[in-house]
Amino acid sequence: MSHWWEHAVVYQVYVRSFADANGDGLGDLEGLRGRLDHIAALGVDAIWMTPIYPSPQLDHGYDVADYFAIDPIHGDLAAFDRLVADANALGLRVLLDIVPNHCSREHPWFLEALAAAPGSDARARFYFRDGKADGSPPNNWRAIFGGSVWTPVGGDDPQWYLGTFTPYQPDLDHTHPDVDAMFADALRFWFDRGVDGFRVDATPPVGKTPGLPDAPPLAPGEFNPHTRFRPEGHEVWRRWRSVIDEYMATHPGRELMMVSEAYAPRRPDLMAEYVRPDEFHQCFAFDLLMSPWHGPSMRRALADAVEHVAAHGTWPTIALNNHDAQRIVTRLAHDGITSPDAWTGDNLRAAEGEVDLVVGTRRARAAAGLLLALPGSVYLYQGEELGLPEVLDLPDELRQDPVFANTGGDKKGRDGCRVPLPWTASPVGSHGFSVTEGDDVAEPWLPQPADWGRYAADTQVDDESSMLSLYRRLLAARRSHLGRSEPGTTALIDDHDDLIVLRRGDVLIVCNVGAGPVDCAAVAGRAPLLTTDPSGTRGGTVVDRDTTVWFS
Ligand code: GLC
């Protein structure tokens, strides 16, 4: 039996930056509902919305204060129901984002824990521990967004609490029965409202080594084995899977899924553990999103993604962009990105230096031609279909991402890929981002660059050479020419160092990442079906630099 998600293309909506219906400068559900036709016209299967739950918004919704409601800045449950109904009517399924590792420090449970005594049940839902005798924190673990994971409760309280990301995102202890029960209820609550599945945020830190021992010395790129990829975490996912399976058994016709967000750089073995048959349906393979524009590096990323999950009888799940990484147009615009040394294995460590957006755009087109030819599931991030570059010159005082503040500016953070979308060439309403009429429309929460109008959806829609037209063509060709493939049947052909050559049934896809044109022997006797080169195909078996051609 086949499932809708197996080969689905999912469009990620960063709700805060997609469209703003009430003119307050922040995206909302009604804004999204008003622009669903753009997503449907692309020809994707589903949307995934970043967290829309009540939140102090210190990590823009990834600090959840209530898992059973909608933040008033985005709307309410009635708006949510209207959105799901309209999306479904357009043939789009709806995925939510759920954040299991931590909640907000304003979640009622955490407020209760702070007010309770050390050793209380209220504190056992989190990781509260005494500090060491010398006054230092309970252990040496480091936070992902900078600093120690430990924050002292303060006052006379001897305890510290653990936050893997920031002090305002306290980690939940999933061995506490309340935590388990609450998330099972949350899954069912949103399934009852028509949701088709969840993107599960930050899965590796869920579950810790009992006793929370110090981490061993770690080389750069190594992860702390006491708080990443733990077997205790996988037990949680098995319980979640059984909640989903039970729900489907009692609700015939519903086909639900969950996808794991786990960065496991060049550790496909760890990634593949998430897609064991009793765990996740999908797990993102992120190596391509972090890969240099370099043949062997990209082939490795693809082979790892495709082959390791095939061993579990399933397909890869790949994205080139998301709300946590530098936009690909800019990432690939860096000169040094063609070197294998450009691999950092860290999505938060953006490429730096001079950029050439003409080159970056050409490469991003070629990358899209490769991405949309892959077997399995593909996730797109809002604005990549418009070819938006990263906004690099946001003034530091306007940056909102905790990554910037918590690393003392060492990492610029993720604001540059979250700038509100341009819908119209006309600057009215922040290029159509704020759709309300009138003079009292607020500035968008991050400023749009002066030239944002050239990327607007309405500028691109009738231009055959635009990124938007390319995405539409690729998505249409994916549907008409590629269809299903069984796990393990996609061949990566080693033809030339600079070429990524992929066989999908009758179609050969060739992506040239080298510095000049290459004659591709593997495609002899075939005709080009489409090219990512804005000036069209050149015919024959030659593939130009920074170009992907599909041959049949
Ligand atoms: C995930 C999210 C990211 C968030 C973090 C903490 O990596 O994608 O945006 O900041 O988790 O929840």
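Mentor: Domain bounds here come from an automatic or database domain assignment, and for this chain that assignment gives domain 1 (4–101 + 177–211 + 222–474), domain 2 (108–162) and domain 3 (490–551). The model is predicted, so that local features need pLDDT of at least 70 and side-chain atom pairs count only at pLDDT 80 or more, while totals for chains, interfaces and linings use all residues. Residues are numbered from 1 along each chain as its sequence is written, and side-chain values use heavy atoms, with hydrogens and water left out.

Trainee: What do Glu 30 and Arg 82 tie together, and why?

Mentor: Their side chains form a salt bridge at 3.2 Å, N to O. Glu 30 lies in helix 1 (residues 29–34) and Arg 82 in helix 3 (residues 77–89), so the pair ties together parts that are 52 residues apart in sequence. Helices (H or I, at least four residues) and strands (E, at least two) are DSSP runs, numbered from the N terminus.

Trainee: How much area do domain 1 and domain 3 bury between them?

Mentor: Buried area is the accessible area (1.4 Å probe) that two parts lose on being put together, summed over both, and for domain 1 and domain 3 it is about 2,000 Å², 61% of it on carbon and sulfur atoms. In domain 1, Arg 299, Arg 362 and Ala 373 lose the most area to domain 3, together 31% of what that side buries. The centres of the two domains, taken over C-alpha atoms, are separated by 29 Å, and the contact (heavy atoms within 4.5 Å) takes 23 residues from domain 1 and 24 residues from domain 3.

Trainee: Why is the largest pocket said to lie between domain 1 and domain 2?

Mentor: Both domain 1 and domain 2 give residues to the lining of the largest pocket, so the pocket lies between them. On a 1 Å grid over the protein atoms alone, a pocket is an open set of points with protein on both sides within 12 Å along at least five of seven lines, a cavity is a set of points where a 1.4 Å probe fits but cannot get out, and lining residues have an atom within 4 Å of a point. The largest pocket holds about 1,300 Å³ of space, and of its 50 lining residues the closest to its centre are Ile 144, Phe 223, Arg 228, Asp 346 and Leu 348. A volume is the space filled by probe spheres set on the points, which are joined across faces, edges and corners.

Trainee: Which element gives the largest share of the lining of the second largest pocket?

Mentor: The second largest pocket holds about 370 Å³, and of the 15 residues that line it the closest to its centre are Thr 361, Arg 454, Tyr 455, Ser 466 and Met 467. Helix 12 (357–371) and helix 15 (457–460) are the elements that give two or more residues, and helix 12 provides the largest share, four residues.

Trainee: What does the lining of the second largest cavity have by class?

Mentor: The lining of that cavity has five nonpolar, six polar and three charged residues, around about 90 Å³ of space. Its largest share, three residues, comes from strand 18.

Notes. A salt bridge is a side-chain nitrogen of Lys or Arg within 4 Å of a carboxyl oxygen of Asp or Glu. Ala, Val, Leu, Ile, Met, Phe, Trp, Tyr, Cys and Pro count as nonpolar, Asp, Glu, Lys and Arg as charged, and the others, Gly among them, as polar.
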